[in-house]
Amino acid sequence: MSQATYIKMWADTQRELDTMLQREREELLQPQEDRGKVMKMLATAYVQYLEIFRKLEEAHDHLIHQQKRAAVRQVLDGVMGRILEIKKEMVALENSECHSMDGILMELQRVPEDIEIPIPKYFIKENLGILQHREKYLHETLLNAGLLEQEPVTAMTLEEAIKVIQVAERARQGRARAAFMKRIYLEEKRQSKKDEKETGKSPDDAATCIQKVWRGHSQRKKTEKLREEEMIFLGMSLPPDLEAMSSLQKENVLQGEAQEREDFSFRHELKITEGPHIKETLQDQITQCFLECRHITGRFPDYPPEKTGGSKAIFIEKHPEQVLEELAAKKAEAEKKEKEKKEKKDKETAKVKKPPKVGKPVVDERWKIGPSNFLSMLEEGSSQYQVFWENRDNRLDFLQDHDPELIKGEERKEVEKEIRVQVDEVMREKLLRVKQAVDGETGLQGKAGKDKGGKSPVKKKISELERDLTPERTIDSLYQELAEEGLLIQVKNVNLSDYIGYYDCLRNILHETGAQPMPSIPEVRQLVALYGILPLGSQTVHENAPLVKSLLLAGPAGVGKKMLVHAICTETGANLFNLTPSSVGKYPGRDGLIMMLHMILKVNFKRLAKLLPQFLRALKPKDRVLLVGTSSRPFSANLGPFCKVYQKIILIPKPDYLTRFALWKHYILQRGGTLTRLVNLNCLAQVSDGFTQGHIVDVVHTVLTELRLLQMARKPLRTAEFVTSLARHDPVYKEEEETFQAWYAKTPLGKAWSTAQAAKEEEKEKGKKGKGKGKK
């Protein structure tokens, strides 16, 4: 698809987003009484935002123009954050992580796959070089420590050797044939020239020959130019002005450093052309502001210190009258607080009779959506699109080059910021001299190290992990030690889409009967993407979306809990630290545990916490860290502390029939097996009811050994081979599944759901009694 197609996709998606924002203002931002209607509105917005998310991600991934990509990226992050905010509202409304979406999907004419969460490719693409270097370094570290085995060199089979020889021989024959044809062509050309000299030509023939040569030369030049433009457009070659650069310069250009040089040149140009005017304007405005302040207050104000922004702190969008009003308001507020404090103290000392009880205040029980950190971001992105990109003609922008005016607009702010610092230094000295001459004030302003009362600042207490316990060690040495001790482990290259599973309509029927809703495998994928992948992949989303610091994956052994952990790290490029008891035991005692956490956080560029619970409380939105736990027996732990550590709990089910059918087919083919009529996948899916994904993988690997794969041509696979191997495993019995459900019902979200269901049943009973009395 061409760039014009993706630009049109972006334009259409922006219009859809504008419609969604208008609908939010009219519906979701208004108080609502009917909670069923609220849930329908939230689910509809959730599905529609997901569609916008999918289109924006595709446009962002394929657009070449860097400024357009930046504009799409801002809106893309805003849409991701808004989806997480709506999900939070849905969970709070239904007290469940699982929602019945069939009716909404049918109404919007969507299929269940439309509510899958897309994973933006920029999570990995933008840091691909760093991630590849880190993976190589970790692999070498583990290899040198003897924790990895050298990959064995497998001997080439006879068939593979024959194919290599055939390819080489065909290439040799092709080269020989081309050389032979070239010799024939040159011989024929020499013969034709010899004939021309012998016979001679008329002037008309000579003119025709010249015309042919010129037209051929002209057309070849045009074709060559078009081909060069096409290669530049496809990114397979560089523009002529960059071809003259050295190889290192070309590499820097490809890595985006050329854009930085462009920004620097624009900034330098703006300093020369607009710098003097900006400096003069700032000085005049600051002088006028101080003169007006003196006219109102009778004295010149103190110059704001640099740490508060300098002149910007009192000058931007504020008149002297507003500054005076703010100062008066602050003074009045301080006096009011002092008065209230004194009154409270008097009441505590004097014995006063308790006031009579007052009736309960009226509470507005209507539903209201919580505040959003992303609606303003989306509206700003929409307005920027309308101003800069909506009416832009993209037909002539074949090379998708940057827009100098947009760069100048951003760089102008930086230039003004630099000049403001210089102006503040000059004006601060000038103001001090004027105050000495006019008001007779002397002495320096704002001595550092002391406050108004002359007291030294209070030293902040530094916790054990906030101190640098390893100041003399490099990050690489800590990284190496953590890897050698088994705390930093290699991530298996698996994607979230590799966690196979399909939608089960029976779960929605159970949801309607009032049973505790349990997630299906597709819903597990969605929850892992929402709470794990999207926040870890985007700094903007992590800082502004509802913060999830810890996640527990609970379920029977073999359902793919560890696979999901590796998928989170693969999709986001995150480091994976193993904090299992066996690994943590290598650092005994409290001091050892503190040192271990310190090393992990320092390698991850953070030093924040004491121990695990305090660590979670200390995490801030800017710290992209997620604690993911896996447990096949969560009911063996003390539930209270368990739920305090894990903010979100995802219960992972065993696979249903459709998923088992797909798993058998996928892993047999992946292992190299051949499916014939003798392998009944329907039978395998039926008899493996109650078994997990791990059981199916183990059975396939047990049956399809290297010897069995070699025998497959004369001895096809049969269903009985897999059934016999499957019979050696124990399934997940119904009692274990019920134990998981009973345990989940005791978690905070499970209790909230049960309480809400009991309240609904009580309301129904009251309604029935009311109807019965009316009939009598």
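## Overall make-up

The protein chain has 32 helices and 5 strands, where helices (H or I, at least four residues) and strands (E, at least two) are DSSP runs numbered from the N terminus. This is a predicted model, in which local features need pLDDT of at least 70 and side-chain atom pairs count only at pLDDT 80 or more, while totals for chains, interfaces and linings use all residues. Residues are numbered from 1 along each chain as its sequence is written, and side-chain values use heavy atoms, with hydrogens and water left out.

Of the 776 residues in the protein chain, 35% count as buried; buried means under 20% relative accessible area, exposed over 50%, and partly exposed in between, with a 1.4 Å probe and protein chains only. Among contacts in the protein chain with a separation of 6 or more, 81% are between residues 24 or more positions apart. Contact means heavy atoms within 4.5 Å.

## The three-stranded sheet

An open sheet of 3 strands is ordered β4-β2-β5, and the pairing is parallel. β4 (627-631) and β5 (648-651) are at the edges with a single partner strand each, so one side of each has no neighbour in the sheet. On average, neighbouring strands of this sheet are turned by 20 degrees against each other, direction ignored.

Strand β2 (residues 550-554) pairs with β4 in the parallel sense over 5 bridges, and 4 bridges join β2 to β5, also in parallel. Two strands pair if DSSP finds at least two bridges between them. Ala 554 has Ser 631 as its bridge partner in β4 and stands opposite Leu 651 in β5. Leu 552 is opposite Gly 629 in β4.

## Burial of the strands

In β2, 5 of the 5 residues are buried. Both faces of this strand are covered, with Ser 550, Leu 552 and Ala 554 on one side and Leu 551 and Leu 553 on the other.

The side chains of β4 alternate along the strand.

## Helix α31 and Trp 743

Trp 743 lies in helix α31 and is buried, with a relative accessible area of 6%. Not counting residues up to four places away in sequence, Trp 743 touches Leu 552, Ala 554, Pro 634, Phe 635, Leu 639, Phe 642, Ile 649 and Leu 651. Pro 634 is 109 residues from Trp 743 along the chain, and the C-alpha atoms of the two are separated by 7.9 Å.

Helix α1 (residues 3-28) packs with helix α15 (residues 375-389) at an angle of about 140 degrees, and their axes are 11 Å apart. Axes are lines fitted to C-alpha atoms, for helices over the stretch in contact, and angles run from 0 to 180 degrees between N-to-C directions. The angle makes α1 oblique to α15; angles under 35 degrees count as roughly parallel, over 145 as roughly antiparallel, 65 to 115 as roughly perpendicular and the rest as oblique. The crossing of α1 with α15 is left-handed, a term for a near helix turned anticlockwise from the far one by less than a right angle, with clockwise being right-handed. By class, the α1 contact with α15 has 8 nonpolar, 3 polar and 4 charged residues. Ala, Val, Leu, Ile, Met, Phe, Trp, Tyr, Cys and Pro count as nonpolar, Asp, Glu, Lys and Arg as charged, and the others, Gly among them, as polar.

Helix α3 (residues 66-94) also packs with α15, at an angle of about 155 degrees and with axes 8 Å apart. α3 and α15 are therefore roughly antiparallel, and α3 passes α15 in a left-handed crossing. On the α3 side the contact includes Ala 71, Val 75 and Arg 82, and on the α15 side Met 377, Gly 381 and Trp 389 are among the residues involved. The contact of α3 with α15 has 7 nonpolar, 5 polar and 3 charged residues.

## Thr 659 in α26

Thr 659 is found in helix α26 (residues 657-671). This threonine is buried, with a relative accessible area of 0%. Leaving aside neighbours within four places in sequence, Thr 659 is in contact with Ile 500, Gly 501, Tyr 502 and Ile 521.
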